[in-house]
Amino acid sequence: MEISDDQLHSLLSSRNKLDRDKGLKHLSDQITDGIKDLAYIENKLKSLIEDTDKWESCHGGLLASKQLILREPQSSQDFIHHVQNKCITLLQHHEARVRFAAGEVAGVLCKRIGDVVYKDFQNLLLESIRDNMERSLELLDAAAMQQLKDKMLPKSLDKDNGKEPVHTDGNLMSKILHDTAGWQSLETSMKCLECMIDACDKNFHPYITAELLELIFQATKHTNRCVREIGFRTLGVLIRSELGSNEQGSTQNSYKATKCWEKGEEFVSVLTTGLSDNWSQVRLAASIATRQMFPILIDADASKQHFPVILPAMCLNRYYIAEGVRNYSQENWRIIVGDSGRSLVELYVTDFVKFYIQQTNADNHAVREAACICIAELGKKISSQYLQPFVQQLINALLVCFKDQSWPVRDAACLACGNFISCFPEPCRASLSELHDLFFKNLSDSIQSVRQGAAVSLAKVAEVYGNDEYLIIEKSIIEGLAKIKDQPADTKRYSSMDSSPAVYSVAKRIRDNEEDLHTNRMTYSCGSLAPKLGKGDAENEMSKFYRPSDPWEVADGCVHLVAELSRIPAFNANVSKLLPAIADAGRYKQYTQYVVFHESICKELPVIAEKLGKRVFKPYLVRFMDIIFESLPSECALTSHAARECLQFISKDFGPKILRGRVEEFNPNYIPLLDSVVPLA
């Protein structure tokens, strides 16, 4: 539907973003079809940009001007220069969205006119970045200071005298100027710089001064993570303007005549810091910038200097929890390292070990998890002759992570320790006693994947250290399975819940409103539902956030451990003797989670049966009939599916007729259920 120019003006100046977007769409269609009265449109856009008191009008006018300048070749010089002059002042507008739009328009102007536009913006832009790089509370007026206090500091109500909420944290500076506080126009000015560099491309080379590089490097180390992110994005486009696009790993012969080559050591140091940042967005921006450095990083002479610094951080990010960072880093590794990854890690193993140990002490639990995974990778893939001198250092770092408040870190540390025990049994023997306790703690963890990881590692302990260790583990399994009879019923477990009707389907604890329940509790990472958990230490194992295990969880971990031990032929005869204890444990059903326990049994029985062999396992099959067939019609889909797959495996392994005969002999009432899974041929 066509609209008039006046209607377009009304849409672009609307307070409603959807209307402004609609106006931009109509303008785009007009440009495509050919604007009838270009001068009238330009005058209307000028008036919108001039209306600085109403930021929506200014914002809509800037975005529309961006489209017009970029796509309409007949735009008048008068209009273009008017927009250019206005953008310079709008970079200091009070509304951030206007400042961002002004920066984007500045980039479009550079693309349309050339680098001369940057020359006009240069002094004001760099001055704005320089002036806002540091933020002093002394320069804020009383109203602005109070606004920051109200926004950033926690409050508590003085119940005794009924006074207004008061701020409880005395360290005002550290709370207000923390990692996510706003920094006025610094971020938007950096965005403008990024757009202009990107638009100028190779023509920007004469403007790369020591002052400019220093400002960009400062931004990448800024206390505010949004500024650090835009700092690395700006650095990335600057490197690309110098070296050309290196998305596919292409190189240019002229890279040695650039600032990136001249200051290569400083560039690589800054990039490495970004690759190690606590914030995922900063890591991704630094990873993108790192790829642009490809020609210099692979240079035969420069690589010897740069690889020991940057490769460890690149390598760790291949396992970082954020998918964007992880996938991009894996591609970076393939582009820059190629097939030489293992040999380069062995060559610079000292630097890798030092970096990984450093990262196990990071504030971000996701970084600590990735570091543990990387340490495990070292043990599996690197020749022992290179890693032998560092084994004890790595084990000590893993022991600290084993006591982390975050369960993924504990799980990764557990698996890494198991790998090191397999590869370096003698150096690890000194820590075996402490590892024993930690392995069994993980074996009874409330998280099932942690229990499974502990089972894998304990099986490696038994395989490496032989029968003496197996007997210790076997005793713990028997005790763990027997404890399930002590599992309390749900009525006892939930006695702390209020018996009154739930409000909006939310059950309420009896003591829900007590202040102690909401003080000194778990905090969460900004922007995600992941708990913001602290590091482990030598004295406080897993801290106050570790919940004591229930008996069924201990038994569940033991089932996984038996399955892992069955994979070791030397222990098959002993493992078969543990099957009756598992079957007996499965008979207890006084607790709701028994379906989870039955699921684990049904999932692990095929593994045990396959590894022990038909002859050894067949006498014990009848003991698990009730567990399998009672799990089949379970309302828990995972339990029902596990039981179905278990029956299908046994039918295929033993033969459907043999299985049917065993079931008929044990309980004929189970035949209809068997037929629903394994139909009679």
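Okay, some ground rules. It's a predicted model, where local features need pLDDT of at least 70, side-chain atom pairs count only at pLDDT 80 or more, and totals for chains, interfaces and linings use all residues. Residues are numbered from 1 along each chain as its sequence is written, and side-chain values use heavy atoms, with hydrogens and water left out. 

Let's start with α24, residues 407–423. Helix names here are DSSP runs of H or I, at least four residues, numbered from the N terminus. α24 has 17 residues and reaches 24 Å from first C-alpha to last, close to the 24 Å expected at 1.5 Å a residue; that expectation is 1.5 Å times one less than the number of residues.

Buried is under 20% relative accessible area, exposed is over 50%, and partly exposed is in between, with a 1.4 Å probe and protein chains only. Among the buried ones are Val409, Arg410, Asp411, Cys414, Cys417 and Phe420. The cover includes α21 (365–381), α23 (391–401), α26 (432–443) and α27 (448–465), and contact means heavy atoms within 4.5 Å.

On to the cysteines. How many disulfides do we get? The count comes to 0, taking a disulfide as a pair of cysteine sulfur atoms within 2.5 Å. For Cys423, the closest cysteine sulfur is in Cys428, 8.8 Å away, which is too far for a bond. Cys423 is partly exposed, at 35% relative accessible area. Cys646 is in no disulfide either, its nearest cysteine sulfur being that of Cys602 at 5.2 Å. Cys646 counts as buried, with 0% relative accessibility.

You'll find Asp201 in the loop between α10 (186–200) and α11 (210–220), and Asp201 is partly exposed, with a relative accessible area of 35%.

That brings us to α10 and its partner α6, residues 96–113. How do they pack? Their axes come within 8 Å and cross at roughly 15 degrees. Axes are lines fitted to C-alpha atoms, for helices over the stretch in contact, and angles run from 0 to 180 degrees between N-to-C directions. So α6 and α10 are roughly parallel; under 35 degrees counts as roughly parallel, over 145 as roughly antiparallel, 65 to 115 as roughly perpendicular, and the rest as oblique. The residues that meet include Phe100, Gly103 and Cys110 in α6, and Cys192, Met196 and Ala199 in α10.

Methods:
Helices (H or I, at least four residues) and strands (E, at least two) are DSSP runs, numbered from the N terminus.
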